[in-house]
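Here are some questions and answers for a reader who is meeting this structure for the first time. Please look over the sequence and the fold before reading on.

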Amino acid sequence: MSDQPKGGGSPTATGKTPTATGKTPARPDDIDARSEGSPEPAPPLLEVHDLVKHFPVRRGFLQRQVGAIRAVDGVSFDIHPGETLGLVGESGSGKSTTGRTILRLHEATAGSVRFRGQELTTLDREPLRRERRHMQMIFQDPYASLNPRHTVGTILREPLDVHGVGDPSERRARVHQLLDRVGLDPAWDRRYPHEFSGGQRQRIGIARALATRPAFIVADEPIAALDVSIQAQIVNLLSDLKDELGLTYLFIAHDLSMVRHISDRVAVMYLGRLVELGTRDAVFAQPLHPYTQALMSAIPVPDPKLEAERRPLILQGDIPSPAAPPSGCRFHTRCPFAEARCRTDEPEWRDLGTADAPHLVACHFAEGLSNEHTM
Ligand SMILES: Nc1ncnc2c1ncn2[C@@H]1O[C@H](COP(=O)(O)OP(=O)(O)O)[C@@H](O)[C@H]1O
Ligand code: SF4
Ligand SMILES: [Mg+2]
């Protein structure tokens, strides 16, 4: 089903997963270190391998399937405990579908999602329900995701009830503690969502996600709907919570500037595929894929002199339909560097980074492309 590029290894490189690139064979000193009792690197908390999610397109009286929206089309990455992976790409590139399929809010069409070593895609209902306690989601629009007829106390207590956490008085105490932890007055538990501002509602969304003490959180554009003045506060809150509670995030955004401060690594998605994955510093210092360079160009430069000098790479046109993605490199219809081969050959997923910091890219010409556009 998936046509993930072959030969370049799966894009799971994190520096701790040598098999992802085949470039980092175990060194003799690794063996020495192990024999002296040094801890092994922690295994990934989340391992996503060749994940595919197609939505059927049906037509006619019999509702026969006539095609598929290939929202996620062969995506692989790992996230290590305590790490934040930023997932960026334009609207429609498949970010939300990736997050939702990982948490099994959508059933995967193909591929594997392992959480703490356990395969989730085939897990039965009851063990999945138990596992859900450890994986939560924060949504873009907190208002749409909070039941307007319930008080905040009821909203925050619900996950505790579902997962049977504590007795009633412990649950009440936990609700107050959660409100306090996200910067809201615990006495506001009797209020309704409409009585709060956008930023406060997102704090409630975060408190709800934290209620069951999860290990992993998918934050799907959690600041995109908020005033710019509030965005930094919410990012700081998520960042503090991560440090304090040892959380691991998949942090989704349509804009690279939004992931800059919170991500350890950044994955860039285009039309159902990853096109680049590397450490935050490497991706920002030297974006390798023309699409990443274009996303970088969209970030304004505060220095007017630098702004006047730079030559931004502006993306032409809209993202094509994932029901009929372009052949070869999916980006070729919009890429200023496209050559004939880009229309026919799908680029392999290649590591142009170092053994310590893999930097993966899917572009035939990534080595030679200037990124002067992004400066
Ligand atoms: N439930 C669904 N049914 C059919 N198509 C969907 C569904 N959810 C998303 N899609 C389509 O999948 C593609 C990727 O969507 P999405 O994952 O929401 O992208 P993003 O979050 O990057 O904006 C889009 O073309 C979208 O219209
Ligand atoms: S493979 Fe070709 S079309 Fe695709 S990003 Fe690279 S240069 Fe552009
Ligand atoms: Mg989305």
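Q: How many charged residues does the shell around ligand 2 have by class?
A: This is a predicted model, in which local features need pLDDT of at least 70, side-chain atom pairs count only at pLDDT 80 or more, and totals for chains, interfaces and linings use all residues. Residues are numbered from 1 along each chain as its sequence is written, while chains are lettered from A and ligands numbered from 1 in the order in which they are written. Ligand 2 is surrounded by 13 residues, the closest being Cys329, His332, Cys335, Cys342 and Cys363, where a residue is near if its C-beta atom, placed from the backbone, lies within 6 Å. With Asp, Glu, Lys and Arg counted as charged, Ala, Val, Leu, Ile, Met, Phe, Trp, Tyr, Cys and Pro as nonpolar, and the others, Gly among them, as polar, the shell has 10 nonpolar residues, 3 polar and, as to charged residues, none.

Q: Are α7 and α8 roughly parallel or roughly antiparallel to each other?
A: The axes (lines fitted to C-alpha atoms over the stretch in contact, with angles from 0 to 180 degrees between N-to-C directions) of helix α7, residues 198-210, and helix α8, residues 228-245, come within 10 Å and cross at roughly 20°. Helices here are DSSP runs of H or I with at least four residues, and strands are E runs of at least two. Angles under 35 degrees count as roughly parallel and over 145 as roughly antiparallel, and α7 and α8 are therefore roughly parallel.

Q: Which strands stand at the edges of the open sheet?
A: The sheet has 4 strands in the order β2-β1-β4-β5 with antiparallel pairing, where two strands pair if DSSP finds at least two bridges between them. Each edge strand has a single partner, so one side of each is left without a neighbour in the sheet, and these strands are β2 (64-79) and β5 (118-119).

Conventions
Angles under 35 degrees count as roughly parallel, over 145 as roughly antiparallel, 65 to 115 as roughly perpendicular and the rest as oblique.
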